2 protein chains.
Amino acid sequence: MPEIRKPQLIKATMQAIGAYGLQKSSVAIISRYAGVSPAIINHYFGGKDGLLEATMRSVLRDLSDAVRERLGETDPNDVVARIKAIVGGNFDSTQLDSRVVKTWLAFWSQAMHHPALFRLQRVNEQRLLSHLRLELKRVLPAERAQFVAQGIAALIDGIWLRGALTPGGINSELAQRIITDYLERQLPPTATLTGLPTRTAR
Amino acid sequence: MPEIRKPQLIKATMQAIGAYGLQKSSVAIISRYAGVSPAIINHYFGGKDGLLEATMRSVLRDLSDAVRERLGETDPNDVVARIKAIVGGNFDSTQLDSRVVKTWLAFWSQAMHHPALFRLQRVNEQRLLSHLRLELKRVLPAERAQFVAQGIAALIDGIWLRGALTPGGINSELAQRIITDYLERQLPPTATLTGLPTRTAR
DNA sequence: AATCTTTTGTTAAACGATCATTTAATTAAA
DNA sequence: TTTAATTAAATGATCGTTTAACAAAAGATT
C-alpha cells in the first residue's frame, strides 16, 4: 500500500499554481490535474489548507535536500566551497523550474496571513541564515559573520525574486557570480587561500 | 468635483489586503472598508481587476516619488550620495508600512498570472536597475556598472523580502548599512573621496 | 477454496456560502 | 429637467466541503 495519492496531489497542486496561480487553483482544477475526484483532497489532506501546507513542506524539503547534498560533497574545512555549495543549492535546477518559482512566491505572500505557512517559511529563512553564519564565523568575527550572512541571504532571495519576474527566468550562473564576488570582497585575504581558485575573469 | 472615491477605494484595498490578504479581499470586504456599496467599484474602475491595477499603480507611484524626492535633494555629481538616495527611497517609511509591504508582495505573486500587473512591475524593476546603472557608470566601466547595479537591486529586494517575513518588520537602518557596505567595496578607492565620510565603524 | 464480512479507496451529487457583476431604482447635483 | 452618483437586490457562477453510495481489496469464516 504505497501512498500514491499524496505526492500525486502535491505535484498537481504545483502544476495548477504554475498554470493558473494560487488564487485560481481551486480544488476542482487541482484534482483535474491529478485525474481524481475533488473529494479525495479532503480524504487525504483534511481539506484544501492541508494540501497547500503539504505542498509547501514538499517545496521546502526539496530545497533543503539540494543544499544538504551539495554540502555533503564538500571539504568540511573549505569555507568558501561550503558557502558556494549553500548558494548553489538555492539555485539548483529543481528550484528554478517555473512551477516551483511560482509556487514559492505564492506561498510567500500567502504566509503572511496563514500562521502555519508563516512558521514553515520562517524556519526555512532562519536555517539559511544560520548555515551561512556558521561557516562565516570560521573566518570572520561573529558580528561581522552575521552581517555578511545577512548580505548573502538577501542576495540569494533578491536575485531569485527578481528572476521570478524576468521573462527568461533566473540566470543561475550570473546569480552565483554576483554572490561569489560579494563573498570574496568580504573575506580577509588569507581566507581565500584555502579554497579553490575563485577569480574567474577580468 | 474632486475625485474622492478613487483614492478612497484604493486605500481601502490596501487596508483589506493588509488585514485579510489579497485572496480574501473580496469587493464586499473592500467596499466595507471604504464605507460604500460594492457596486461602486464597477462604476469607477470597471471591475475588481481595474481597482487592483489602480492600487498597484498607486503603490508604484509612491515608491517612485520617494526616490525622486531624495534624488532632488542630492548633489548631481556625488555618485555615492545619489545611490544612497535611491536605496533610501526604497526603504522610505511609507514603503515599510505593513499594509504596503503585504500589498507589494501580493501583487508580486499575482503579477506572474496577470499581464497588466506583470508589465507594471517589470517597468518598475527595470527603472530601479537603470537608475543605479546610470550613476555607477560614472565611476565604473559599463559592464562592471551593470554587474554592481544588479547586486544592489538584488540586495534591496532581498532585504525587503526577508523583512516582510520578519515579525518586527524591516530594519531600515541595517538594510542601508548592508547596501552601503557593498557599494563601498565595489567602488574604486578614488570614487569615495568625493562623497561624505562613509565608513561608520570598525 | 469459496463465501461472507469488513475495511479502504473513490466518487457523484448536493449543500450552503460567497464570489464579481448587472439591473433597475433612488437620491443628489447641475 | 437632465444628468450624475449611489445603492439594494438579483443573477449566475464557482467556491470548499459533506454526504451517501459504490467499488475494490483484505480478512475471516466456513
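Guide: Helix 7 of chain A and helix 7 of chain B are roughly antiparallel (an angle over 145 degrees), because they pack at about 155°. This is a predicted model, in which local features need pLDDT of at least 70, side-chain atom pairs count only at pLDDT 80 or more, and totals for chains, interfaces and linings use all residues. Residues are numbered from 1 along each chain as its sequence is written, and chains are lettered from A and ligands numbered from 1 in the order in which they are written.

The two axes lie 9 Å apart. Axes are lines fitted to C-alpha atoms over the stretch in contact, and angles run from 0 to 180 degrees between N-to-C directions. The crossing is left-handed: the near helix is turned anticlockwise from the far one by less than a right angle. Helices here are DSSP runs (H or I, at least four residues), numbered from the N terminus.

From chain A come L105(A), A106(A), W108(A) and S109(A). They meet L105(B), A106(B), W108(B) and S109(B). Contact requires C-beta atoms, placed from the backbone, within 7 Å. Ala, Val, Leu, Ile, Met, Phe, Trp, Tyr, Cys and Pro count as nonpolar, Asp, Glu, Lys and Arg as charged, and the others, Gly among them, as polar.

Now the wider interface. Chain B and chain A each give 31 residues to the contact. On chain B, helices 7, 8, 9 and 10 each supply at least two. Helix 9 of chain B gives the largest share, 13 residues. The chain B side divides into 16 nonpolar, 9 polar and 6 charged.

Key: Two residues are in contact if their C-beta atoms, placed from the backbone, lie within 7 Å. Angles under 35 degrees count as roughly parallel, over 145 as roughly antiparallel, 65 to 115 as roughly perpendicular and the rest as oblique.
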